[in-house]
Amino acid sequence: MIPYTVNIKLAARTLTGTLNLQNKTAVDWGWQGLIAQGCHSSILIIDPNTAQTIQVLEKHKANVVKVKWSKENYYHNLSSPYCLRLASGDASGKIIVWDVVSGTAHCEIQEHSKPIQDIEWLWNQDVSRDLLLAVHPPNYIVLWNGDTGTKLWKKSYAENILSFSFDPFDPTNMALLTSEGIVFITDFTHSKPPSSAGKKVYIASPHASPAHTKPAPAAAPAPTGAKKALNKVKVLITNEKPTAEAVTLNDCLQLSYLPSKRNHMLLLYPREILILDLELSQTVGVVSIERSGVPFIQVIPCAQRDALYCLHENGCITLRVCRSTTAQEEAADPEQSSHELIYDLRSQCDAIRVTKTVRPYRMVICPINENNAALMVSDGRAMLWELKAHTGRATCNPRYSLSPLYTPVTFCGATLGPNQKKIQDLSLNSMIGQTLIAGEALPLSSNQQEVQLKFLLTGLLSGLPLPPFSIRMCPPLTTKNINHYQPLLAVGTGNGSVLVYNLTSGLLHKELSVHSCEVRGIEWVSLTSFLSFATSAPNNMSLVRNELQHIDLLTGRCFAFRGERGNDEPPIEMIKVSHLKQYLVVVFRDKPLELWDIRTGTLLREMAKNFPTVTALEWSPSHNLKSLKKKQIAAREAMARQTVSDSEQSVVESSVISLLQDAESKSETSQAISAREHFVFTDTDGQVYHITVEGNTVKDGARIPPDGSMGSIACIAWKGDTLVLGDVDGNLNFWDLKARLSRGIPTHRGWVKKIRFAPGKGNQKLLVMYTDGAEVWDTKEVQMVSSMRIGRNVNYRILDIDWCTSDKVVLASDDGCIRVLEMVMKSASYRMDEQDLTDPVWCPYLLVPRAALTLKAFLQLQPWSGTFTMDITQVDYNEKDEIKGLIQEQLNSLSNDLKSVLQDPELSLLQRCVLVSRLFGDESDLHFWTVASHYLQSFAQARQLNASTAEGRPRKEGAPPSAQNHLDICHDVLCESSYFQKFQLDRVHLQEVKRSSYEHTKKCADQLLLLGQTDRAVQLLLETSADNPSYYCDSLKACLVTTITSSGPSQSTIKLVATNMIANGKLAEGVQLLCLIDKAADACRYLQTYGEWNRAAWLAKVRLSPAESSDVLKRWAEHLCSAQVNHKSKAILVLLSLGCFYKVGEMLHSMRQFDRTALFIEACLKCGVMEANDSSNKLIEAAFLDYARLLRSLGLREGAALWASRAGSAGEQLMEELFQGEGGVPEAVLGKEEVELGHQTPE
């Protein structure tokens, strides 16, 4: 016996097809690494790495219109584990929050019965992660608790809300896109609804006003590049409703904040993308399409780099990266360079063929790495594109060449070692360096290379085609075929192709283009071959072309079974194959039936013209094969060959299983046997005929007169001693052939379309299909087991049915899906962890909480051995083998590149933590470790430099961390002050060029004063025209700014005026005056007193000395920790950027984030920014002890022992507990500890 196991138990599953138009926006790619997509009323969960559907959620009754994965920006432990949570909203206004792994609905929410417009999980505080904001049409926003389903508050607005976007930098800001314009809300909190109606902003485009449509006079000089650029984007943003001629641009498709830099927003129109600076409410950049270009459908801004993924109407995805505004280029084209943000096209993928039924719907990008995109097509395809970086220069015309993109010099937040392994395509920020800003030189280091970006198609999922379908399951599993059995389902489609699915994995096994018209029926003739028939549309004499094809799956050979026959004849009604797969009956509509021998492909008999019209037909399961075999073997022993007499009675054999075994072993013994088989059929009067076929002789048998209670018989099923007839009026008639009893049951469900017995010996279940649903009957007891009806418990119509195993049925329905269901026929999602997938999926969220945390600890640090291992069995880990196996499967599913990087001894602890948080899609971890690793290294470098200067060595040039190594601007106030200042100056410079009204000029001047650029501010103030009411005021202000001297009296006067202004509610003006006399520290204090914390932090970054700025930011961190704000995670990041590492360690420990605390302190000790002395030892030992306890609770004993050995006296006690009864502490652990963790040199 071959050691080969077959998964006989098929999982209930749904094969999905084309999408509905309402599913267009229902797709989301979560931090969990999975894609959720709505398909009619179900939701598919797709794993993008292996391109498999791993779960289908079914509970919605209407089409799904929105799906959103929950956020992962919280600290994960046993009480708040890694779990797959998804919210989905449908067209009937219902929102369901799912537990995706078990496939169950966690809670259901209903407010109105109109389609949900938009949903989003909140991320803004550390208390609750269960809050879900939804837009219920036409104009309500409601905040729900997604865990309990309770409504927290509800608020209505004046206009219809289309969608909303949260400011990624400030949780109190959000923008609503309404039918008329944009509403900005600045006081959003979870505790109460926004108090104001928000600030309404209308967007007007001057393109539409008649002045601009006039042709320009010929004599007028052509506008220069800068003017052209300005005209092109003169889109005004006004607070009053625009006049009729300046038509509002209400074809805005989308609005979103840019996650890569604060206070920027993009608006998408079919032919252009506008980048707005919200402080100025002014367009600072535009991406427009040439006249011949393909319009946009959607755009997704990236966070890691200032880049945009755009989806076009032809299904092409383009990546545009913001051009650097460095000094080198200004020389080349002084006009173009600094006038706006320019997004250069860096890469694009192939378009798809767009037809009436095939069009691109939506694109999603991976939020963790931002270098993978998935395109959803209306025909149910999901195309998975990956962005790849190729080093090397571009070979193109130098005139059009873009400034080159360079690879970053860091990997996972740390500078690359000389022979360190890295993954170039890990994420967008490891593929291309940052966009440079003015005044920043590109440091050319040896290991920086130019890169080109390309899209690569790495996966394709395709759905079923449009219905109608006809389905047929292959012959059932038996003891004879168990070694090579595959549960294949053949699906005939409307376009003539036959799809064969393997139901173990739910994946397409083969797609065969067999017919030229709709497939009407399929019958299997062995485990790997089947017959299918199709009929063309009838001509005026109601004759058709019949196609009957024989297909062999192993070779793909396909031939016309009836040879030349088939043109211009009545349509085939059905084909029926006998139980031993010897004979085939072909039934026509107005023509006598044909009887074929399948084995030889010959026509045995074409019935005479006067043969009765067949309404239903079925082969009998009885035959005489066994007795023939016995005789044949006996005859073989007696003489070489002898014809066997036919006088033997046929043996009635009830088991279908043995029939199939015999049918298969029959061919082995000899081809010459032709067993006798029978079939029964009914005519239009309901009379039952019985016909025997043997070899090439056909005999007419007994006739049974019609049953008066039955109408016209529509179908027959026969198994063992039971024969069931179904008629057009919904009556079922059960015949017990042994006891010679018949029993009629009216179902009152109309026409019985199909009846099928379940496979398996003695299994007398019967599946019945009606026009409005289906039922399962038990023919032994003659009673109904389960039923489904359209409108009652499902909202789709059933097109075809079959059994796929002895206890599961398969249904094809008109919503384009094929469902494998339990016998009770309730559509249920399945548990994901019980799935049998063809490719292993990396998703730690599928593990039980303990196992997921163990896997994380295992990958983050393995200090117990000199080498890293990817085999959990090599570790002292006491856990059930089943869980160990699951963890090992996860480890095995990692790519070889990742494994080699994780096993690379050069990979530092910090890099490893960053990499593992990426693998887990843990947003909170990723932010923490990115900022921590950056500042730990920069403070360690500064320390080394100070040490070297102290020893009298000359200071190296570029003493602060090199410019290239600053934190990305998407971290906003966490960046280094020097870089942050440069960025703000660059931004004001851009705003200045773009200003188009007095309001804008005033804002620019204010901003310049705060930044300390007084000369430029004076120039702007003097631009005020004489008829402006604030002309006098501005002129005086200009005088004041130029004449401020540092004499004592003037300073004290200005300070007094400023404080009075602030006291009387003129905060901004007072702060400006304080900045003029270099009292920015006081200004920050006032801003903080009045609750303007973000503004104070901004000002501290751009104006104050490091020490003063540090005080302001520390106060901010304290404020963030306070109970009413409760944003400790943000406070920790702020403290990291200030280098308060000891305080961070204490806070992490007090928040019970033990693994983070211990690894962080370990990294601090390694970098040399924290020393183990009497004051810090208490924290260090407590942290290590708690981590050791955590590891012990997870079952990782070696790790626990190691950390305990460094945790002082309490640790020794834990060591004793760990190794009780094992003769004390193993030598190995103590020995290793000296090597690993003692006397470290700073990296």
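Tutor: Start with contact, which means heavy atoms within 4.5 Å. Keep in mind that this is a predicted model. By that cut-off, alanine 852 touches Tyr82, Pro844, Leu847 and Phe920, leaving aside residues up to four places away in sequence.

Student: Where does alanine 852 lie?

Tutor: Alanine 852 is part of helix H8, residues 849-860. Its relative accessibility is 1%, so alanine 852 counts as buried, the cut-off for buried being under 20%. Sequence distance and spatial distance should be read separately: alanine 852 and leucine 1194 are 342 residues apart in sequence, yet 9.9 Å apart in space, C-alpha to C-alpha.

Student: Which residues does alanine 175 touch?

Tutor: Alanine 175 sits in strand S15, residues 174-178. Not counting residues up to four places away in sequence, alanine 175 touches Ser163, Phe164, Ser165, Ile182, Val183, Phe184, Leu255, Tyr257 and Met265. With methionine 265, 90 residues away along the chain, the C-alpha separation is 9.7 Å. Is alanine 175 buried or exposed? It is buried, with a relative accessible area of 0%.

Student: How many helices and strands does the chain have?

Tutor: The chain comes to 28 helices and 60 strands. Of its 1243 residues, 56% count as buried. Among contacts in the chain with a separation of 6 or more, 56% are between residues 24 or more positions apart.

Student: What describes two packed helices?

Tutor: Two packed helices are described by the angle between their axes and the distance between the axes. Take helix H22 (residues 1128-1138) and helix H23 (residues 1141-1150): they pack at an angle of about 160°, with axes 8 Å apart. Angles over 145 degrees count as roughly antiparallel, so H22 is roughly antiparallel to H23. The crossing of H22 past H23 is left-handed.

Student: Which residues make that contact?

Tutor: From H22 the contact uses Lys1128, Ala1131, Ile1132, Leu1135 and Leu1136, and from H23 it uses Phe1141, Lys1143, Val1144, Met1147 and Leu1148. Sorted by class, the contact of H22 with H23 has 8 nonpolar, no polar and 2 charged residues.

Student: How should I read the pair H14 and H20?

Tutor: Helix H14 (residues 998-1011) and helix H20 (residues 1093-1103) have axes that come within 9 Å and cross at roughly 55°. That makes H14 oblique to H20. H14 contributes Gln1007, Leu1009, Leu1010 and Leu1011 to the contact, while H20 contributes Arg1095, Trp1098, Leu1099, Val1102 and Arg1103. By class, the contact of H14 with H20 has 6 nonpolar, 1 polar and 2 charged residues.

Student: How many disulfides does a search of the whole structure find?

Tutor: The criterion is a pair of cysteine sulfur atoms within 2.5 Å. A search of the whole structure finds 0 disulfides.

Student: Is cysteine 349 buried or exposed?

Tutor: Cysteine 349 is buried, with a relative accessible area of 5%. Cysteine 913 is also buried, at a relative accessible area of 0%.

Methods. Residues numbered from 1 in each chain as written. Predicted model: local features only at pLDDT ≥ 70, side-chain atom pairs only at ≥ 80, totals over all residues. Heavy atoms only, no water. Axes fitted to C-alpha atoms, helices over the stretch in contact; angles between N-to-C directions. Helix = DSSP H or I, 4+ residues; strand = E, 2+ residues; numbered from the N terminus. Parallel < 35°, antiparallel > 145°, perpendicular 65-115°, else oblique. Nonpolar A, V, L, I, M, F, W, Y, C, P; charged D, E, K, R; others polar. Left-handed = near helix turned anticlockwise from the far one by under 90°. Buried < 20%, exposed > 50% of the residue type's maximum accessible area, 1.4 Å probe, protein only.
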